[in-house]
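Morning, everyone. Please have the sequence and the 3D view open. I'll keep this short.

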Amino acid sequence: EIHIKEPIEKEVNPHLLPGELLLCEASTVYKYIQEDGSNRGTCGKLVCTNFKIAFLDDDSASDDNEPQFKNKIVGENDITLQCVDQIYGVYDEKKKLLTGQLRKYPEKLIIYCKDLRVFNFCLRYTKEEEVKRIVSGIVHHSQTPKLLKRLFLFSYASAAPNNTDGRNQTVMFDTLEDWRDELERTKGNVKYKAVTTNEGYRVSEKLPLYFVVPICVSEESILKYQGRGIPIWCWSCHNGAALLKMSAFPKEQDDSTSQTQKAFLDGIYKTISKPPYELLKMDDLSSSLPSLQDIQTAYTRFKQLFLIDNSTDFWATDVKWFSLLESTNWLEIIRRVLKKAIEVAECLERQHTNVLLIEESATDLCCVISSLVQVMMDSYSRTKSGFQSLIQKEWVIGGHGFLDRCNHLHRSDKEEAPVFLLLLNCVWQLVQQYPPAFEFTETYLTVLSDSLYVPIFSTFFFNSQHQKDTNTSGESLNTQSGPFRFLTVWDWSVQFDPKAQAFLNNPLYAEKPKPDKSQRKTARFKHQRQLSLPLTPTKSSTKRGFFREETDHLIKNLLGKRIGKFINSSDEPSNSFREFYDSWHSKPVDYHGLLLPRIDGPEIKVWAQRYLRWIPEAQLHGGGTIATAAKILDLMEEVQSLQVKMDEEHSQAISGDVHSAPLLRNSARLSSLFPFALLQRQSIKPALPTSTWKDLEDEDDLVKRDDEFVDLSGGMS
């Protein structure tokens with residue numbers, strides 16, 4: 001039973017970017033609607049280019065159904081080749097993983113994406129020749145190892161006209177001045193200096209051209225072991241304590257070498273540890289945090305919970321959701337990472353102690369912890385430009401191996417680990433616990449996670465600054481016009497128009513007030529109470545779940561609100577940590593001061609917007625935070641238009657553009673996972689008549705009732 005409109009009369013052609021080439025295509029392909037067990041779908045053309053896999057139906061040609069939040073580069077039915085996770089073929093109702101050469105071609109293709117979308121394509125009505133071409137083309141271009149220069153990044157950079165640099169306010173940290181400015185901003189220039197020792201990459205190809213070290217460290221020391229054993233500065237606290245990182249020496253060494261290295265390290269430590277004036281705490285992250293292999297295993301298990309083919313699968317897993325979630329260990333890893341960041345913050349803030357993070361290469365967990373500590377302690381890192389500059393400093397220039405960790409080239413699964421995603425998951429915990437403290441929204445974080453797989457930006461497609469520099473200088477493919485000019489992901493106008501970009505900015509951000517010179521006595525800022533969150537009681541909650549009352553288990557089962565999980569860990573924090581944690585949580589929150597995440601039990605939640613956005617059953621129609629946000633955006637727009645009118649009446653033309661927010665009049669009709677979810681898609685009852693459902697139906701007739709329409713446009717008094 002395949003419901004389609006009239007077969008496509010007009011030829012639908014894919015929209016190609018500069019440098020994008022059509023490689024293969026197949027007509028009369030049916031894309032199933034991932035909604036129920038039936039075979040409903042739309043007919044269209046499946047194409048593969050050197051950038052993406054795209055499904056084109058007759059709706060693709062019309063702009064009538066334009067979503068409010070549209071990505072200009074990657075459409076709703078587009079999958080970039082880097083975003084393909086796994087491809088399965090269905091042969092006689094059996095699923096088989098497709099890799100490399102195929103002997104037999106499937107009648108159905110299932111593509112699982114790294115952004116957790118699932119596409120089901122039926123090839124039963126497609127010509128055999130076209131099936132062979134499209135299936136082998138898709139598998140070859142998305143699953144087989146490739147050379148770096150074969151990435152679409154280079155095709156686009158050589159063909160795109162006049163690429164804008166798009167630096168906006170983001171500090172790129174690719175010049176000496178950027179590092180000196182950061183030292184000055186954090187008052188770190190008293191004890192630390194920016195060095196040019198690595199110019200020409202003569203120290204190490206893994207280190208950036210410019211970085212910051214303690215003033216006493218000599219150039220000879222930096223050169224001695226290719227930068228290993230050298231404390232590299234990340235950030236300085238207001239009290240002078242600094243956060244540093246260091247790549248460790250290899251563990252297996254002969255005695256004489258390790259003795260020499262130990263003597264070298266002792267000399268280096270003396271430059272940053274001068275008791276009682278300056279103390280130093282060293283933290284070897286490879287022993288105090290999970291390994292990259294553990295992180296990869298946990299995330300692989302975790303994402304399987306959301307890569308759901310149909311409604312039946314969703315409801316089948318719903319019954320044992322909490323045990324499945326706990327067994328992945330992903331939320332526990334997030335909790336451990338946040339706890340480690342709080343421990344580091346305590347050393348810096350309360351004990352005035354320098355902290356040195358140690359890791360083999362200092363480019364994985366060091367990046368996660370140093371970034372989190374800065375987000376928690378420095379309100380500048382909670383602004384959009386500040387957060388982007390932080391990612392540039394610690395990750396892009398800091399040498400995190402995005403190419404290997406995201407496995408963009410499909411060279412080695414052993415190197416793959418979702419380290420950057422782990423950071424975004426941790427930052428999301430803070431954003432949802434303290435919304436007014438952040439200038440950006442969870443939608444911003446979700447879009448940033450999606451941008452990991454869009455190979456027109458260089459930001460997440462190199463392992464180091466050296467690798468980018470050596471590949472930038474290569475001649476363009478078509479012309480002899482000199483170096484490539486890559487785009488940076490921080491130019492959001494490439495992906496979104498201004499209306500869509502408004503969703504990335506938090507309308508309730510509590511901006512830092514500018515000090516009023518006329519009132520020096522009351523300069524100490526106290527936050528307006530109506531914006532702060534309710535105080536968190538220090539003792540843990542006695543409730544057994546996330547739902548307000550025990551009687552609400554009906555709704556829990558019905559909506560499967562898969563948001564958080566009790567995780568009681570055996571490793572109880574030490575007394576000093578607990579005291580610091582409890583004492584901070586017992587006071588009102590200063591959104592521009594130190595922020596500590598709540599990490600007990602169910603406080604660590606699943607990032608619903610990212611992981612559940614493609615599952616219709618998990619959406620609350622007309623509910624969730626988006627209904628509130630939509631109303632706030634409407635009110636802000638109204639206030640701004642009134643302001644403009646008032647200014648005009650006073651004959652004062654407003655300077656600059658008014659930051660208008662998008663109109664979202666029908667907020668009650670939006671889904672809780674807007675702007676990613678489709679607006680009109682209704683969730684349906686599961687195909688399996690499980691005993692759980694029978695119990696629910698006996699208990700209440702809520703199941704039979706349609707979602708009530710809540711008119712939110714009636715005005716908020």
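This is a predicted model: local features need pLDDT of at least 70, side-chain atom pairs count only at pLDDT 80 or more; totals for chains, interfaces and linings use all residues.

Start with the largest nonpolar core. It holds 163 residues. Which of them touch the most other members? They are Trp330, Leu372, Phe387, Phe420, Leu445, Ile456 and Phe460. Helix 11, residues 330–349, gives the most to this core: twelve residues. Where does the core lie? Domain 1 (22–59 + 69–144) and domain 2 (185–311 + 318–473 + 484–504) both give residues to it, so the core lies between them.

Now pick out Trp330. Set aside its neighbours within four places in sequence. Trp330 is then in contact with Ile295, Ala298, Tyr299, Phe302, Pro418, Leu422, Asn425 and Tyr611. There is also a second, separate core, of 34 residues. Among them are Leu176, Tyr225, Trp233 and Leu244.

On to the backbone. Most residues other than glycine have a negative phi, and most peptide bonds are trans. Here are some exceptions.

A cis peptide bond joins Pro275 and Pro276, with omega at about 0°. Pro276 sits in the loop between helix 6 (255–272) and strand 13 (279–284).

Next, two histidines. His352 has a positive phi, near 50°. Its place is the loop between helix 11 and strand 14 (353–359). His410 has a positive phi too, near 55°. That residue is in the loop between helix 14 (402–405) and helix 15 (419–433).

Buried or partly exposed: which is His352? Its relative accessibility is 46%, so His352 counts as partly exposed. His410 comes out at 15%, so His410 counts as buried.

Conventions. Residues are numbered from 1 along each chain as its sequence is written. Side-chain values use heavy atoms; hydrogens and water are left out. A nonpolar core is a set of buried Ala, Val, Leu, Ile, Met, Phe, Trp, Tyr and Cys residues joined through side-chain atoms within 4.5 Å. Buried means under 20% relative accessible area, exposed over 50%, partly exposed in between (1.4 Å probe, protein chains only). Helices (H or I, at least four residues) and strands (E, at least two) are DSSP runs, numbered from the N terminus. Domain bounds come from an automatic or database domain assignment. Contact means heavy atoms within 4.5 Å.
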